[in-house]
Amino acid sequence: MLKNLGLQCCGSDLSPRMIALAREHLRGKQVALKTADFRKLSDAWSENFDLIVCMTTSFPHMLTDREALTALKSMYRQLNKGGILVIDNGITDALLNSKPKVIAARVSSGRAFYYILGYPSPKRIVVTVLQVKKTQTSFKPIFYTTHYRAMQKSSFEGYFGRTRFQTVGYFGDYAFSQYSVSKSNRLIIVAQK
Ligand SMILES: C[S@@+](CC[C@H](N)C(=O)[O-])C[C@H]1O[C@@H](n2cnc3c(N)ncnc32)[C@H](O)[C@@H]1O
């Protein structure tokens, strides 16, 4: 989307498989892609950026406060002065308060996704994705499980308080609606260096 808006873009992910997938999706477009850890962005990128977007439910892979802070500092370093960091956290206060056990997430081109959620401790959320894939004659289930840190708005207030970002805003959607702890189903953070 950013590339289509005419911006010069680069992308990275810790997983070589995700980078291979991105490469497939971006075939024919000039977007530099690298396997990299966002806690150590400067190991992969020599350039600085005007915008860094940490995509949906990537940041909560940071399972400790220390890791989260290391990641924020790495992103801060990689921004130009006045540059903007966007984190789409994926996990929200409303989700953590209501603790649903199953979310029927989406159906698309022969696949259905269900999220099965566990809350083993106040700071942890375990998400098992059940993907049901339609085959020619039947249905094939695929499961995978990921552990996330249960990050709330207050978690980010703590992290950002320990960085040098100039401003930090919290939104409930990409129309910049103010984030509601009780209602928002997205937690989008926009911070400026
Ligand atoms: C829920 S997926 C989001 C995938 C994709 N970016 C999107 O929005 O469709 C979370 C991604 O975060 C990546 N990730 C987790 N820890 C990371 C880290 N330390 N550095 C870079 N990427 C990381 C995972 O490999 C995974 O691809």
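Colleague: How many residues does the hairpin use to join β7 to β8?

Modeller: First off, this is a predicted model: local features need pLDDT of at least 70, side-chain atom pairs count only at pLDDT 80 or more, and totals for chains, interfaces and linings use all residues. Residues are numbered from 1 along each chain as its sequence is written, and side-chain values use heavy atoms, with hydrogens and water left out. Strands (E, at least two residues) and helices (H or I, at least four) are DSSP runs, numbered from the N terminus. The hairpin gets from β7 to β8 through four residues.

Colleague: And how many bridges join β7 to β8?

Modeller: Two strands pair if DSSP finds at least two bridges between them. β7 (residues 124-134) and β8 (residues 139-149) run antiparallel, and Thr128 stands opposite Thr145 in β8. The bridges joining β7 to β8 number 11.

Colleague: On to α3: how far apart are its end C-alpha atoms?

Modeller: Helix α3 covers residues 65-77, which is 13 residues. The expected span is 1.5 Å times one less than the number of residues, so α3 should span 18 Å. The model agrees, with its end C-alpha atoms separated by 18 Å.

Colleague: Which elements do the buried residues of α3 pack against?

Modeller: Buried means under 20% relative accessible area, exposed over 50%, and partly exposed in between (1.4 Å probe, protein chains only). In α3, the buried residues include Leu69, Leu72 and Tyr76. Counting contact as heavy atoms within 4.5 Å, the buried residues of α3 pack against α2, β3, β4 and α5.

Colleague: Is Thr92 buried or exposed?

Modeller: Thr92 sits in the loop between β4 and α4. Not counting residues up to four places away in sequence, Thr92 touches Tyr179, Ser184, Asn185, Arg186 and Leu187. Its relative accessibility is 3%, so Thr92 counts as buried.

Colleague: What is the relative accessible area of Tyr179?

Modeller: You'll find Tyr179 in the loop between β9 and β10. Among the residues Tyr179 touches are Thr92, Lys153 and Phe171. Tyr179 is buried, as its relative accessible area is 8%.

Colleague: Which strand does the segment with Leu7 come before, and is Leu7 buried or partly exposed?

Modeller: Leu7 is found in the segment before β1. Its relative accessibility is 39%. That makes the strand β1, and Leu7 counts as partly exposed.
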